[in-house]
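Notebook open, pencil ready. Here is what I looked up, entry by entry.

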Amino acid sequence: MNPEILGIFDHEADPHRADRVPFDVVCAGDSLTGWGNFGSAESWPFRCYPEFLQVLCEPLGLKVANCGVAGEISENGVWQVRDYLTLFTTAKFFLLCYGANDLDDSDDHEATSSRIVANLGHMVQFIWKRGRQPIMLDIPDVNARLFPGDMLLAARAARSYHNPRLKQFCQDLDIPLAVISGCLDEEHFGDACHPNTEGAKIIAGVVFEVLDATLPA
């Protein structure tokens with residue numbers, strides 16, 4: 001992992017590093033973003049998109065902080081983002097990727113999607129109140145070959161229901177959206193639902209295009 005990227009484990013071990021390193025971009029979310037609660041990046045089961053986003057951002061002089069927490073749900077993201085806004089005082093962009101675990105833990109797609117969008121709305125309000133820019137990521141598909149067969153149709157139905165509603169939410173509020181759903185094929189997964197290295201690079205590329213278009217001219 002690029003040493004300039006900050007994982008949750010790193011900031012707990014050295015809470016003042018965020019002040020010493022002028023981070024510009026904060027990536028918040030679940031294990032699609034990072035595995036900060038698994039310890040140092042070397043111990044993570046998969047490499048994640050913020051690592052490769054940092055590589056793409058280096059020519060622009062931007063530093064990326066990875067605040068992904070495996071297993072996280074959108075309800076917890078509300079207070080996490082609030083804390084990140086206080087911790088990363090120089091960051092101007094907050095990338096939000098929450099909702100996959102919410103969807104996979106519920107059979108009621110409609111209610112769950114509404115709850116995710118509402119929680120993301122709270123995060124966005126916190127970000128805007130601090131004068132920062134939110135950027136959303138939608139939820140990618142799962143690996144049909146490895147995902148449990150008896151759960152596959154439900155997982156895909158949940159994503160097919162939620163992602164258009166997230167897109168509409170972003171359009172209504174003029175929030176940039178990185179559409180990572182549909183960008184991964186089976187060979188881009190490391191397991192049933194997490195991207196492998198190549199998949200993480202693909203996601204980073206999609207996210208960078210949106211981030212780059214959001215930067216001032």
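This is a predicted model: local features need pLDDT of at least 70, side-chain atom pairs count only at pLDDT 80 or more; totals for chains, interfaces and linings use all residues.

Is strand β4 (residues 133-137) largely enclosed by the rest of the structure, or left open, and why? I found that four of its five residues are buried, so β4 is largely enclosed. Buried means under 20% relative accessible area, with over 50% being exposed and anything in between partly exposed (1.4 Å probe, protein chains only).

Residues are numbered from 1 along each chain as its sequence is written, and side-chain values use heavy atoms, leaving out hydrogens and water.

**Neighbours of β4.** I looked up the pairing next. Helices (H or I, at least four residues) and strands (E, at least two) are DSSP runs numbered from the N terminus, and two strands pair if DSSP finds at least two bridges between them. β4 pairs with strand β3 (residues 93-97) in the parallel sense over four bridges, and Leu 96 has Met 136 of β4 as its bridge partner. Met 136 also stands opposite Leu 177 in β5, and Leu 137 stands opposite Ala 178 in β5. Strand β5 (residues 177-178) runs parallel to β4, joined by two bridges.

**The whole sheet.** I then traced the order: β2-β1-β3-β4-β5, five strands in an open sheet with parallel pairing. β2 (64-68) and β5 are at the edges with a single partner strand each, so one side of each has no neighbour in the sheet.

**Helices on the sheet.** Helix α3 (residues 49-57) lies across β1 (25-29), β2, β3 and β4, at about 170 degrees to β2. Helix α8 (residues 197-214) touches β1, β3, β4 and β5, and its direction makes about 155 degrees with that of β4. For these angles, axes are lines fitted to C-alpha atoms, for helices over the stretch in contact, and the range is 0 to 180 degrees between N-to-C directions. Contact means heavy atoms within 4.5 Å.

**A helix pair.** Last, I checked helix α4 (residues 74-87) and helix α6 (residues 109-129), which pack at about 10 degrees with axes 8 Å apart. That makes α4 roughly parallel to α6, a label for angles under 35 degrees. Among the contact residues are Val 78 and Leu 85 of α4 and Ile 116 and Phe 126 of α6.

Conventions: Angles under 35 degrees count as roughly parallel, over 145 as roughly antiparallel, 65 to 115 as roughly perpendicular and the rest as oblique.
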